[in-house]
Amino acid sequence: MDLPVVLFDESHCAQCECGAGLDFSFSFAFQPIVDTDRGEVFAYEALVRGPKGEPAPSVLSKVNERNRYAFDQVCRVRAVKLAARLNMKAMLSINFMPNAVYQPEYCIRTTLAAARTYDFDTSKIIFELTEDENLSSVGHLVSIIESYQEMGFSTAIDDFGAGYSRYNIMTASPPDLLKLDMELIRDIHERPNKQAVVSGIITMMNLLGGQIIAEGVETEEEYRWLRNEGITLFQGYLFARPGFECLPEPSIPA
């Protein structure tokens, strides 16, 4: 979809906050990503929810080619605003839609304006590329990752291993963080094939200088196996469930 190149300022930030271009409302729940080495919250992922906490599909089912760009921009502003209102000290992880980013340096201006408006440190923002966004060209994805990293943001690939593994991105411009898909995590302590795949991914990220987040961890057995392999960043029900418009305190196994 071809969109005009425009410059964003605080007035655009206000329009996004009001949901300009959208005919539905939404908010966020936050789920902590814990650093088990430090025993603290590393980041909170902003998870889209309906205005009263309804599950994500109730919102995402309304996103289409016509409103994708507006939705992506409004998500950024509302996530930053809510994080600032909750006095978030950890990193803020925001999912973004690569197909809504037509030119990274312009599409990011709404985020920068929101950070100024709500006094939120942009160095604390992580942008997560959802891995099943298989419609974007590799070159486009690489340009987004490189542009965001040059601007001082952290980047992550979400759901790695879910079906559209972006190994070509890893060779061209690795993200700072790689989130293992929960299907790789499930029962990994008793699944040798999964163990072999995950061990290989861990080795790859160690050599590339990035970090791995194990998401969707639900049992202590899964956690112990992954922890023994050297992973220190975790997300999942074992630690905390998402909290609607609040910052849940995680519980980290001893």
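1. A friendly place to start is F71, which touches L22, F24, F26, V48, V59, L60, V63 and M97, leaving aside residues up to four places away in sequence; contact here means heavy atoms within 4.5 Å. Please keep in mind that this is a predicted model, where local features need pLDDT of at least 70, side-chain atom pairs count only at pLDDT 80 or more, and totals for chains, interfaces and linings use all residues. Numbering runs from 1 along each chain as its sequence is written, and side-chain values use heavy atoms, with hydrogens and water left out.

2. F71 is also among the residues with the most contacts inside the largest nonpolar core, which has 62 residues. Such a core is a set of buried Ala, Val, Leu, Ile, Met, Phe, Trp, Tyr and Cys residues joined through side-chain atoms within 4.5 Å. Helix α3 (residues 68-85) gives the most to this core, with 9 residues. A second, separate core of 8 residues includes A156 and L233.

3. Strand β5 (residues 154-160) is worth a look: 7 of its 7 residues are buried, meaning under 20% relative accessible area with a 1.4 Å probe, protein chains only. Helices (H or I, at least four residues) and strands (E, at least two) are DSSP runs, numbered from the N terminus.

4. What are the partners of β5? Strand β4 (residues 125-130) runs parallel to β5 and is joined to it by 5 bridges, with L129 partnered by I157. On β6 (residues 177-180), also parallel, 3 bridges are found, and F160 partners L180.

Key:
Buried means under 20% relative accessible area, exposed over 50%, partly exposed in between (1.4 Å probe, protein chains only). Two strands pair if DSSP finds at least two bridges between them.
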